[in-house]
Structure formats: structure tokens, C-alpha cells
Amino acid sequence: MTDGPPLLDGDSDEPSLRLRGTERAIALGFMVATLAALGLAVLYALGGQPQLEGVLLALTLGGIGFGIAGWGKYLMPNGPFVQAREPLASTAAEREHFAVTFERGSEDIGRRRFLRRLLGGAATALGIALLFPIRSLGPNPGDSLSHTSWTPGARAVDVNGDPVQVDDIAVGGIETVFPEGHAGDASAQTLLIRVSDEPVVTRPGRESWSPAGYLAFSKVCTHAGCPVGLYQHRTEQLLCPCHQSLFDVLEGCRPVFGPAPRALPQLPLMLDADGYVVAQSDYREPIGPAFWNRS
Amino acid sequence: MSDAPEPSGGEPVRHGPGWRTARWFDDRLHASDFARRSLDKIFPDHWSFMLGEIAMYSFVVLLVTGLYLTFFYVPSLSPVIYHGSYAPLRGLSMSQAYESTINLSFQVRAGLVMRQMHHWAAIVFIGAMVVHLARVFFTGAFRRPRELNWVVGVSMLILGLVNGFAGYSLPDDLLSGTGLRIMYSILESIPIGGTWLAFLIFGGPYPSQDIISRLYVIHILIVPALIALLLGSHLAIMWHQKHTQFAGRGRTETNVVGVPMWPTFAAKSVGFMFMIAGVIAALGGLAQINPVWLYGPYQPYQVSSASQPDWYMGWLEGALRIFPNWEVHAFGHSIGNVFFPAVLLPGITFGLLFTWPWLEARFTKDRDTHHILDRPRNAPVRTAMGVAAIIFYSVLFAAGGTDIIATTVNASENSIVWFLRGAVFVLPVLGGYIAYRLCNELAAASAGRRRAPGVIVRGPGGGYEEAGPAAEPPAATGTGGD
Amino acid sequence: MSLARRPGRSLGRVIGRAIGRVIGPVALVLGVGLATALGLSEPARAQVSPPAPVAAGLVARGEFLYSEECQTCHQADGGGELSMGIPSLHGVGAAAVDFYLSTGRMPEANLTRQAPRKPVSVDPADRAALIAYITTTWPGGPPIPMIDIAGGDLASGGDLFRTNCAACHGAVGAGAALAHGAFAPSLHKANPLQVAEAIRVGPGNMPVFDATTLTDVQVADIVTYVEYLHHPDDRGGAGLGHTGPIAEGLVGLLIGVAGSVGIATWVGHRTEPADLADSEPADLADSEPADLADSEPAELAEPADEELAHD
């Protein structure tokens with residue numbers, strides 16, 4: 001061990017931390033690891049159990065690790081030893097040599113500017129062409145973000161497809177509904193809230209939107225798209241669980257706290273001849289968070 | 001390896017199989033000299049230089065456990081009815097991705113421990129990278145000639161975040177599915193190309209049928225390959241440039257003081273690897289993580305309260321929660337609210353991280369080569385800015401759990417949001433200032449190492465004053481200690 | 001209503017028709033009156049409290065208790081004081097009274113915050129008395145639900161729970177904060193009857209799920225699942241409070257990363273005073289560029305040659 005890098009001045013190569021019990025401790029580490037590994041095999045054969053598997057595996061790995069690391073720390077030469085750092089920058093001679101070699105090879109390329117430019121053009125064209133298959137990854141968004149599957153006269157159904165009758169929801173009650181035929185549709189998901197027995201006007205122009213006190217709002221939060229699931233019926237507010245945006249139901253789900261920038265779109269409702277709750281039309285604005293082409 | 005020294009005399013000797021194998025390779029690769037230099041290589045082995053190894057060995061655990069998981073997990077959103085052993089899900093419709101994760105957790109022997117070790121290893125991997133980055137930052141190890149390695153390292157951190165998000169989204173459970181919806185909205189919010197980006201990455205409007213299989217390829221192939229490549233470069237550059245070291249007895253800018261690779265450093269490092277794996281194994285068996293069977297399969301109209309992403313995304317979640325509800329609407333176009341906290345903020349964050357070595361070199365006008373590390377106290381401005389940054393992102397992380405804080409301390413969620421909106425600006429400035437002053441005090445105390453720190457005595461008039469030599473702060477430069 | 005004989009009709013038929021014309025409306029009036037008396041004034045709730053035959057003594061005891069425990073806030077006429085956040089008890093129903101009293105939420109003196117669950121101060125007998133009094137004096141509202149949780153479907157209950165309940169109470173029923181200091185409580189102490197009552201009553205900010213929104217079978221399923229959530233399958237180890245990634249992150253950082261760093265301080269070298277001794281800036285000035293010339297690769301190769309010679 002005295003060959004190789006010299007010791008730091010004043011230090012001896014004797015592992016100064018040699019303790020009498022060290023070898024025994026390392027040996028114990030290896031033995032524990034062996035037993036634990038055997039235990040692991042037996043445990044697996046018997047059916048396994050997650051907590052025991054984790055503990056036994058930890059003992060195996062930890063025992064081996066403790067042994068090897070302890071061996072290195074206490075029994076192997078720790079020096080400290082010294083070694084020189086060569087300067088990382090190349091010498092002027094080395095750089096010159098490189099430059100000469102490189103120029104020898106690139107001289108011809110350098111002279112033929114026209115060919116070089118043509119090659120560059122071809123390579124660029126290839127690069128651009130190779131980007132085109134990326135277009136196959138998905139469809140053109142078009143204006144699909146501006147519509148949902150609600151249509152005029154579509155009945156509101158619950159997640160099982162059962163339509164909602166006018167007497168189905170008590171005042172203070174809420175249900176998640178979808179247009180008939182699209183139960184479970186992510187962008188059409190709508191909150192149906194019964195705030196009273198009488199129609200409620202949330203904003204001017206929406207006088208006919210809430211028959212029998214039913215209000216319908218898009219469940220897709222205008223902040224980041226989470227389902228706005230928390231209805232506080234005493235304060236008549238909707239709370240989004242993701243980032244705590246708070247919406248005032250009676251004022252058309254106007255945001256009153258939190259990061260949501262716009263009100264939840266309201267779905268205009270009416271009752272059909274049989275007393276089912278149906279939509280007058282699709283939402284009058286795109287639902288959910290904003291995107292570039294959402295004016 | 002029973003090597004008998006060659007006696008002088010020319011008698012034939014028997015060599016062991018190990019020696020013969022090594023000789024076989026050497027005859028074909030001319031390896032002896034390189035191997036000797038490698039074995040002789042001196043490594044400074046301060047404990048704070050092992051933080052990167054925690055990350056590296058967690059990555060090894062990720063690869064091993066991850067490989068095992070790929071044999072059981074099915075990356076498909078095709079619906080299937082569950083008929084397995086976990087009663088509360090029996091008969092429910094779910095995706096194959098979710099079902100295979102449930103089966104892995106309930107019916108594959110040792111499957112749950114492997115799954116949990118994999119997830120805990122990811123938590124430790126990213127945590128260790130952050131701690132390692134902090135060590136490198138505060139000691140100025142990113143300075144010339146190590147700017148390149150700094151960039152490689154920050155790239156690995158970003159890739160780790162991406163892969164963590166992709167990985168925990170694979171089970172298609174209610175919690176991670178909520179996060180995917182948020183990610184979709186974030187992509188949508190990007191100006192000009194955001195909608196296209198969302199449609200191309202996801203394969204259509206939300207929810208798409210393709211996202212899980214695409215995330216799977218990203219998670220098991222693309223990103224791990226990139227990380228492995230970058231990790232190899234990271235180690236190779238560090239190997240070639242030699243590790244930095246703290247100032248100390250006998251340590252100069254032109255030497256390396258430490259332990260040889262063979263046998264000491266190899267033993268310590270390999271032993272450390274096993275111990276890190278042991279820690280992860282203990283967590284994997286004793287601490288439950290991501291119990292997706294309790295969250296239920298993802299349905300886009302369901303959500304749970306107290307939904308948070310994994311910790312390393314917490315700062316983004318917090319930014320989303322406390323950012324005011326501003327949105328830009330102009331000329332028929334919109335820039336969605338989430339763009340600012342979830343795209344602009346991380347863009348600035350990583351932009352600053354990447355360019356820091358050059359920014360600091362420009363401000364301190366220090367373009368020298370450094371192999372001796374700074375003590376944080378000797379670089380008060382850098383330390384103060386680092387402390388301020390840590391506090392800033394920690395406040396954002398806390399903001400990611402406003403509802404949990406509200407429940408724990410029985411306060412109004414809304415008051416907490418307002419408090420954090422102020423704290424996110426005030427606390428970093430305060431903390432940075434305190435750190436700056438502390439650095440100056442500590443540097444003054446240790447500049448004269450044999451001098452006792454200032455002793456306070458009470459004078460006859462009742463006032464307090466510092467006895468002994470007055471501690472003057474050194475001229476505040478960006479770097480020091482050379 | 002002319003009773004005049006018309007040609008071609010028998011007297012019997014005329015009398016019969018007359019009786020019919022009188023009895024009909026009278027029967028109608030009596031019937032409506034009876035129905036009203038029985039059905040009583042209903043708010044827009046689909047269920048009706050049947051007029052249970054209660055012992056007069058129970059009602060009297062309930063009246064006494066009401067005056068002692070409840071009247072101060074809910075007023076003698078049971079109308080409450082909405083401006084102070086005290087709800088009216090008119091038509092609340094037996095389920096609501098039983099829920100609030102059996103969870104200890106009532107009696108509650110603090111008007112500034114949402115009433116939390118606390119140790120019960122009204123014993124079951126007194127509770128029955130109060131229910132009797134309140135439902136007799138101010139009838140209406142949902143009755144105490146009859147639910148059969150032995151037959152409840154765990155899987156269906158879980159799905160319903162996640163659709164209707166998890167948004168407020170959390171996927172594992174751990175509860176969550178609502179806006180402005182309100183909260184959806186943890187469900188871990190709620191017994192099956194209390195869960196069913198809360199679903200039908202919609203206490204506080206909780207929405208009202210009546211029998212047409214969630215059928216009795218569905219309520220039984222949900223109750224079964226909530227029972228399960230009291231002891232969920234935590235086969236992965238310590239449940240960490242079921243609060244999700246935040247707790248997991250803290251454990252991962254404080255135990256996983258910090259523990260690993262601790263191990264590193266054992267494995268690696270720690271700066272000792274001896275390392276720092278004599279390392280004044282002057283020492284570093286001694287390493288002049290000339291020193292570098294001494295440590296060329298050729299020098300390091302020399303010891304190696306000697307090693308090879310020894311082999």
C-alpha cells in the first residue's frame with residue numbers, strides 16, 4: 001500500500017480508527033444479512049407479508065452495506081493521500097496540433113461553399129419533414145373545445161343514465177348529471193342544484209333558465225379543470241377541492257375567492273312535458289379553463 | 001485470487017482464474033494502465049460529497065424495482081370488470097392499468113413491496129438531487145470548470161420531476177387522474193400552440209384513450225435512457241476533472257486529498273449503496289405509500305378533497321393555489337390563469353437554475369478556475385440568495401397543502417391563502433437578509449480561527465459590550481476563501 | 001245541481017244521485033282535512049313523519065328538556081334566530097334531532113364556528129324525549145332512517161361514496177376544510193345510523209340527499225362503505241393519516257433523505273480540527289506553478305514500474 005499516491009505529510013497509513021470490536025461488528029452485519037436473506041426466502045415460500053418483506057430486505061441490504069462500508073471506513077487505508085491535479089486547459093502546443101489536424105481534414109469542405117450550403121439546405125429540409133409525423137399524434141382541436149354534448153332538449157340523466165324528474169331532488173340537494181346518451185362524459189358533466197322551489201334568476205337575461213328552482217352549472221372548474229364537487233348548501237357556494245376556488249351559486253357561480261378567473265358556465269334548463277329536467281341548449285360559452293382561441 | 005509473486009528464476013507458476021480472466025481482457029483492451037490509474041485515483045470523501053450518491057443509488061433501486069413492475073403492469077385504458085381479491089372494488093368497471101396495479105398490490109407476492117419501494121425510491125431520488133444541488137450551490141462547486149456538469153445535473157432534476165409525474169399517473173387512480181386533468185389544462189393555457197400541444201400529447205380532447213400508454217413509454221424508456229446517459233456524462237466529467245474539495249490542511253488548487261478508489265472508496269461507496277437500498281426497503285415495507293385501492297379508479301366526474309401531487313410538484317400546486325385569479329383576454333385570445341404559476345414560474349425557475357454559473361460569474365467578475373470549495377459563510381451574497389430561494393419554494397410547497405393546514409390548525413382556509421400570499425414575498429427577503437448577516441458574523445469568527453468569538457461582558461455602568469478583539473466583517477465579496 | 005225529476009228517471013236513482021252529489025264533496029273535504037291533519041304541512045321534502053303514538057310522558061319530558069337545554073338559542077317557538085346563525089327547528093325531522101344530539105354537536109354554546117362532534121351530553125332516553133317533543137310540536141322532515149347495512153354492497157357503496165361524498169369528506173373519509181372556517185368532518189367516528197341520518201338531513205353545509213336522489217338501498221351501500229373506512233385495508237404499512245402525498249413526502253424527506261444523509265455522515269469523512277489546522281491562506285500561496293511541473297504523469301508511472309518489477 002505504500003506504492004501509489006503518497007500520504008499527506010504527517011499522516012500515517014495505519015487505519016487510525018481500528019477498534020477491537022470493529023471486525024466483529026462487520027462480521028455481525030454480514031451474518032444478520034445472511035439470516036435475513038434466508039428469512040426472506042422462507043417468508044416468500046410461505047406466502048409473503050409486506051411489512052416483514054420490507055424489514056427483512058432492509059436488514060439484508062443494510063447488513064451487507066454496513067459491513068462493506070464499515071470495512072472501508074475502519075479497516076482499509078484512509079490516508080489521507082495526495083494526488084496532483086493536472087491543469088484542465090490544454091497547452092498551446094496541444095491546441096495547435098488539434099487545429100492543424102482539424103484544418104487538414106476540413107480544408108476541402110471549407111472551400112466548397114456552394115456544396116456546403118446545398119447540404120445544409122437538404123439537411124434542414126429533412127429535419128422539417130421528419131417533424132410531420134408528429135401531427136399524427138392527435139386530431140386538430142378545431143373548435144371542439146367550444147362545445148359539449150348538450151343539445152337543445154337533451155334530458156339530464158345521472159351517471160347511471162336515469163333521467164331527472166322535477167321532484168327528484170330536494171331543496172338543498174345536488175346531483176351530477178349528463179346529457180342523455182352521454183352519461184359519464186367528462187366535458188359535459190354538470191351540477192344540478194335545487195336551491196328553491198321557485199325559479200331563481202342568477203344574472204339578467206337568465207330569467208327562464210331555472211325552472212322549479214333548479215340551477216345547472218358546468219362541473220369543470222374554470223381554473224384548472226377539476227370537478228367542482230363541494231356544495232356548501234347553507235352558504236350556497238361551490239368549492240373546488242383542487243385549489244379552493246369558491247363560487248357563489250345564486251350569482252351564477254361567480255368566483256368570490258381563489259384562483260378561478262371566471263364564473264362556471266350556466267346551462268339553461270327547462271322542464272319538458274313529462275316533468276323531466278332538460279337543457280334548452282348547449283352552454284352559451286366554452287366550459288373549463290381558458291385556452292388561446294377562447295375569446 | 002491467489003497471486004503468487006513471480007520468483008526470479010523463470011519457474012512456471014500457477015495463477016488463479018481471476019488473474020487469467022483479467023489477463024484475457026487486458027490482452028485485448030490494453031487496460032492495465034487505465035485500470036491502474038483508475039484504482040489509484042484519489043477521491044475526497046467528505047460526507048457532503050456523498051449526497052449525489054444517494055440520488056444515484058436511489059436511481060439504481062428505481063431501475064431494479066421498476067423492471068420488476070413492468071412484468072405485471074398493463075398500460076391500457078381499456079375497461080375491465082374487477083374480479084380480484086379486494087372486495088370493495090369487486091364488480092366495478094376500471095381500466096386495465098388500474099386493475100393491474102391492484103393485482104400487483106394484492107395478488108402478486110412481494111408485488112406491493114416492490115411497488116412501494118419503487119415509489120419511495122422516487123421520493124428519495126428527487127429529494128437527494130435537491131439536497132445535492134443545494135450542496136453544490138452553497139459551496140460554489142458549479143464554478144469554472146464545472147458549469148457543464150451543473151447543466152447536466154439540473155437537466156437530470158427536471159427529468160426526474162417529469163418521470164415522477166408520469167410514473168404516479170400510470171395507475172389511473174382518482175388522485176393521479178385529477179392531476180392529469182390539471183396538466184391538460186396547463187398545456188392548454190400555453191399561448192398560440194397550447195391547444196395543439198394538449199391535443200397532440202394526449203391524443204385528443206380530455207380524457208384521451210392514449211395518454212396512459214404514452215406516459216408508459218416516456219416513463220420506462222425515454223426518460224430513464226436520458227437520465228442514464230446524463231448520469232454517465234455527469235460521472236465521467238466529474239471523474240475527469242476530479243472532485244472539488246474543501247480548503248484545509250495540505251489541500252490546494254492543484255492537488256486532491258482523499259482516499260484511493262481501490263479499495264477504500266469503492267468499499268465505502270458500494271456499502272453506501274446497499275445501505276440506501278436498505279432504507280428504501282424499510283420504507284417500502286413499513287410505510288404505506290399511494291394506496292390506490294383506497295382512492296378508487298379514475299372517473300372524470302369524481303374528485304376527492306385533499307388532493308395533492310407528490311411532494312416535488314408541491315411548489316407548483318402551491319403556486320396554483322395562491323396565485324390571484326388573473327387572466328389575460330385580448331384581441332380575441334386568452335391566456336389562461338394557470339399559465340402564469342404553472343408554466344411561467346417553472347420556466348423562470350429552471351432558466352435561472354441553468355444560467356446561474358454564468359450569472360454569478362458576470363456579477364462577481366470571477367472567471368477563475370476553482371477546485372477549492374467555498375464555505376457558505378465566505379460567499380454571503382450567494383448564500384443569502386440561495387436561502388431566500390429555498391424559503392420561497394418552501395412557502396409555495398406549504399401553500400400546496402392549504403386545506404390540510406386549515407384542518408390541522410383549525411383555521412380558515414381563506415385566511416391561510418392570504419397569509420401565504422404575503423409570506424411568499426416577505427419571508428424569503430427576511431430569510432435572505434438574516435442569512436447574509438449570519439454569514440458575515442460566522443466568517444468573521446472563523447477568519448481568525450484561533451481567535452475566540454466575541455465575548456460579551458457587562459460594564460460597570462450596566463451596559464453590555466463585546467470584549468476581546470472586535471470582529472470586523474471581511475470585505476463582502478461574492479466569493480472568498482481562496 | 002238540480003234535483004228536479006226528469007222524465008224517464010226513477011226516484012231511487014234521483015235520490016241516489018243526490019246523496020252522491022252531497023257525500024262526494026263532503027267526503028272530499030273530510031278526506032282532505034284528515035289528510036292534512038295527518039300529513040301536516042310539508043316543506044318540499046318527499047318523506048313524511050308518520051304520527052308515531054308517543055307516550056304523553058315522553059313529550060312532556062322532552063318539553064322540559066327543551067326549555068332547559070335548547071330554548072335559549074332555538075327560542076320557545078322553535079323558530080331560532082337566523083341572523084345569529086341559529087336555525088329554526090320547524091319541520092327538521094327526527095333524523096336531524098337524533099343526529100345532532102347523538103354526535104354531541106348539540107347542545108352547542110359557541111355560535112362563532114361550525115359545531116364540532118364532541119362528547120355526548122344528552123343520554124339516549126332524554127334524546128328520545130326531545131325527539132318526541134320536537135317532532136310532535138313541529139312536525140315534518142325526514143324520520144330516523146331504517147337501514148340494513150348487513151346487506152349493503154361494499155363496491156357499489158364505494159363508487160357512490162366517491163361520486164357524492166369524497167369531494168368534501170375525502171376519498172378515505174378523513175374530512176377536509178371548506179371555505180371560511182367551515183369543514184367537512186372526518187367520518188371515522190360516525191356510526192352507521194349517524195351516516196344515514198346525515199345523508200337524509202344534510203346538516204350544516206352538507207347537501208340534502210333525499211330518497212329520490214339516493215334510494216334507501218344506495219344509502220345502505222354508502223353506510224357499509226363508510227363502516228369499512230373506519231378500518232381500511234392498510235396492507236402497505238403505516239397509514240400516515242391517509243392524507244396522501246403531503247404526509248408521504250414529509251416521511252420520505254425526513255426519514256428517507258435525512259436518514260440517508262445521516263448514514264453519509266457516518267460513511268464519509270467529517271471535517272476534523274486537524275484538517276483545518278495550519279491551513280491559513282499563506283499555505284495555499286506556497287503551491288506555486290513550479291509544483292505542477294513536478295507532478296507530471298511520468299512521475300506517477302514510476303512507482304507503477306516498481307510495482308510491476310515486484311510482481
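Predicted model: local features only at pLDDT ≥ 70, side-chain atom pairs only at ≥ 80, totals over all residues.
Residues are numbered from 1 along each chain as its sequence is written, chains are lettered from A and ligands numbered from 1 in the order in which they are written, and side-chain values use heavy atoms, with hydrogens and water left out.

To return to strand 3 of chain A, the bridge partner of A:Val157 there is A:Phe178. The two strands belong to an open sheet of four strands in chain A, with the order 2-3-4-5 and antiparallel pairing. Its edge strands are strand 2 (156-157) and strand 5 (214-218), each of which pairs on one side only.

The structure also holds one disulfide over all chains, a disulfide being a pair of cysteine sulfur atoms within 2.5 Å. The partners are A:Cys226 and A:Cys242, with their sulfur atoms 2.1 Å apart. The torsion about their S-S bond is about -90°, so the disulfide is left-handed. A:Cys226 lies in the loop between strand 5 and strand 6 (230-232) of chain A, and A:Cys242 in the loop between strand 7 (237-239) and strand 8 (246-248) of chain A; the pair therefore ties together parts that are 16 residues apart in sequence.

I turn now to chain B against chain A. Here 88 residues of chain B are in contact with 79 residues of chain A, contact meaning heavy atoms within 4.5 Å. Between them the two chains bury about 6,800 Å², 65% of it on carbon and sulfur atoms; buried area is the accessible area (1.4 Å probe) that two parts lose on being put together, summed over both.

How many salt bridges does the rule find across the interface of chain B and chain A? There are two, the criterion being a side-chain nitrogen of Lys or Arg within 4 Å of a carboxyl oxygen of Asp or Glu. One salt bridge joins the side chains of B:Glu327 and A:Arg262 at 2.9 Å, N to O. On the side of chain B that touches chain A, helix 10 (residues 261-286) of chain B gives the most, with 15 residues.

Finally, chain B against chain C. This contact takes 74 residues from chain B and 67 residues from chain C. The buried area is about 5,800 Å², of which carbon and sulfur atoms give 63%. In chain B, B:Trp47, B:Gln288 and B:Leu294 lose the most area to chain C, together 12% of what that side buries. The count of salt bridges between chain B and chain C is zero. Several helices of chain B each supply at least two residues of the side that touches chain C, among them helix 3 (51-70) and helix 16 (413-447). The largest share of that side, nine residues, comes from helix 10 of chain B.

Technical notes: Pairing = 2+ DSSP bridges.
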